[in-house]
Amino acid sequence: MKRVLISGATSGMGLSAVKLFLARGWTVVGADLAQERGKSLLEQMEQQGYKDKFFFYACNVAKDEDVKNLHAFVMKNVGGIDSILNNAGIWVGGELHETKEEDWNRVFDVDVKAIYLTSKYFVPYMIENGGGTIVNTASVSGMCGDYNMAAYNAAKGAVVNLVRAMALDYGKYNIRVNNVCPAACATPMFLANPPEVVELFQKANPLGRICTPDEVAKAMYFLSSDESTSCNGINLEVSGGLNIHTGQPVQ
């Protein structure tokens, strides 16, 4: 039996990952702040035959006490964990001098600190259990810069390099740590932008479209599973080639 913890589980890429891992026979624990959406998802999964295969815990993965309680919930209900998907994340735009301190702190708490906290509480079990996998949701915005996205670029940049440190430290315990790095993705949060903004991102992509949550979930599954046994410390881009251009004009 394979067991996975997925944060940000009730929407977008996290929700796609929940459905994919369940379909492939894993036991899934979903964590999310959205308690009502979580209850609805739990009922939906039970109706689809996943009773005792899907569990939901409402918590803030950026808060130590919440993650400590999440760990207790996981140990009680599924007995441990084989893989963690650190998928919870938020976005705040703006130039650096215009970014409010509370927004800067919030982005780093959710996008970076949450990875530290899940590692703090779950990695000791993985070490004792002989290994596991960790997959973080980074971004192409952590690999290159964007206009008006200073806090997000900085936070995802931290995740892009953090994965290398984690891979070096935990490889000896048979724990592989990797990132998925999506570009703009057709999540409910992104599609809430005005249609003309979405169209701009579509046109900027070599494929003529942005990626989907299901496509990112497949990359998450690949890195979480035994299909990627020699992948460690990588930033796997799921971008349609958005960030491969040198910036030079078409000739």
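Q: Which residue in β2 is the bridge partner of Ser 7?
A: In this predicted model, Ser 7 has Ala 31 of β2 as its bridge partner.

Q: How does the chain get from β1 to β2?
A: The chain crosses from β1 through helix α1, residues 12-23, to β2. This β-α-β crossover is right-handed.

Q: And in which sense do β1 and β2 pair?
A: They pair in the parallel sense, over five bridges. Strand β2 covers residues 27-32. Within this pair, Val 4 stands opposite Val 28 of β2.

Q: What about pairing between β1 and β4?
A: β1 pairs with strand β4, residues 83-86, in the parallel sense. Three bridges join these two strands. Leu 5 has Ile 84 of β4 as its bridge partner.

Q: Is β1 buried or exposed?
A: Five of the five residues of β1, residues 3-7, are buried. So β1 is largely enclosed by the rest of the structure.

Q: Which residues sit on which side of β1?
A: Arg 3, Leu 5 and Ser 7 are on one side, and Val 4 and Ile 6 are on the other. Both faces are covered, and these residues are all buried.

Q: Why do side chains alternate like that?
A: In a regular strand, side chains alternate between the two faces of the sheet.

Q: Okay, β2 then. Buried or exposed?
A: Six of the six residues of β2 are buried, so β2 is largely enclosed by the rest of the structure. Thr 27, Val 29 and Ala 31 point one way. Val 28, Gly 30 and Asp 32 point the other way.

Q: How many bridges join β2 to β3?
A: Five bridges join them, and the two strands run parallel. In β3, Phe 56 is the bridge partner of Gly 30. The chain goes from β2 through α2 to β3, in a right-handed β-α-β crossover.

Q: Where does α2 lie?
A: Helix α2, residues 35-47, lies across β2 and β3. It runs at about 170 degrees to β3.

Q: Zoom out. What is the strand order in the sheet?
A: The order is β3-β2-β1-β4-β5-β6-β7. It is an open sheet of seven strands, with parallel pairing.

Q: Which are the edge strands?
A: They are β3 (54-58) and β7 (235-238). Each pairs on one side only. From one strand to the next, the twist averages 20 degrees.

Q: And how many bridges hold β5 and β6 in their pairing?
A: Six bridges, in the parallel sense. Strand β5 covers residues 132-137 and strand β6 covers residues 175-182. Thr 133 has Arg 176 of β6 as its bridge partner.

Q: Which strands does α1 touch?
A: Helix α1 packs on the sheet and touches β1, β2, β3, β4, β5 and β6. Its direction makes about 165 degrees with that of β1.

Q: Pick a residue in α1. Is Ser 16 buried or exposed?
A: Ser 16, found in helix α1, is buried, with a relative accessible area of 12%. The cut-off for buried is under 20%.

Q: What does Ser 16 touch?
A: Ser 16 touches Pro 213, Asp 214 and Ala 217, leaving aside residues up to four places away in sequence.

Q: New topic: helix packing. At what angle do α4 and α5 pack?
A: The angle is about 15 degrees, and the axes are 8 Å apart. That makes α4 roughly parallel to α5. Helix α4 covers residues 101-129, and helix α5 covers residues 150-170.

Q: Which residues make that contact?
A: From α4, they include Trp 104, Phe 108 and Ile 115. From α5, they include Tyr 152, Leu 162 and Met 166. The crossing of α4 past α5 is right-handed.

Q: What about α3 and α4, at what angle do they pack?
A: About 30 degrees, with axes 8 Å apart. They are therefore roughly parallel to each other. This crossing is right-handed.

Q: Which residues of α3 and α4 meet?
A: Among them are Val 67, Leu 70 and His 71 in α3. In α4, they include Leu 117, Tyr 121 and Phe 122.

Q: Last one: where is Ala 72, and how accessible?
A: Ala 72 is in helix α3, residues 64-78. Ala 72 is partly exposed, with a relative accessible area of 45%. Its C-alpha atom is separated by 9.4 Å from that of Tyr 121, which is 49 residues apart along the chain.

Terms used:
Residues are numbered from 1 along each chain as its sequence is written. This is a predicted model: local features need pLDDT of at least 70, side-chain atom pairs count only at pLDDT 80 or more; totals for chains, interfaces and linings use all residues. Side-chain values use heavy atoms; hydrogens and water are left out. Buried means under 20% relative accessible area, exposed over 50%, partly exposed in between (1.4 Å probe, protein chains only). Helices (H or I, at least four residues) and strands (E, at least two) are DSSP runs, numbered from the N terminus. Two strands pair if DSSP finds at least two bridges between them. A crossover is right-handed if, with the strands pointing away from the viewer, the path from the first strand over the helix to the second runs clockwise. Axes are lines fitted to C-alpha atoms, for helices over the stretch in contact, and angles run from 0 to 180 degrees between N-to-C directions. Angles under 35 degrees count as roughly parallel, over 145 as roughly antiparallel, 65 to 115 as roughly perpendicular and the rest as oblique. A crossing is left-handed if the near helix is turned anticlockwise from the far one by less than a right angle, and right-handed if clockwise. Contact means heavy atoms within 4.5 Å.
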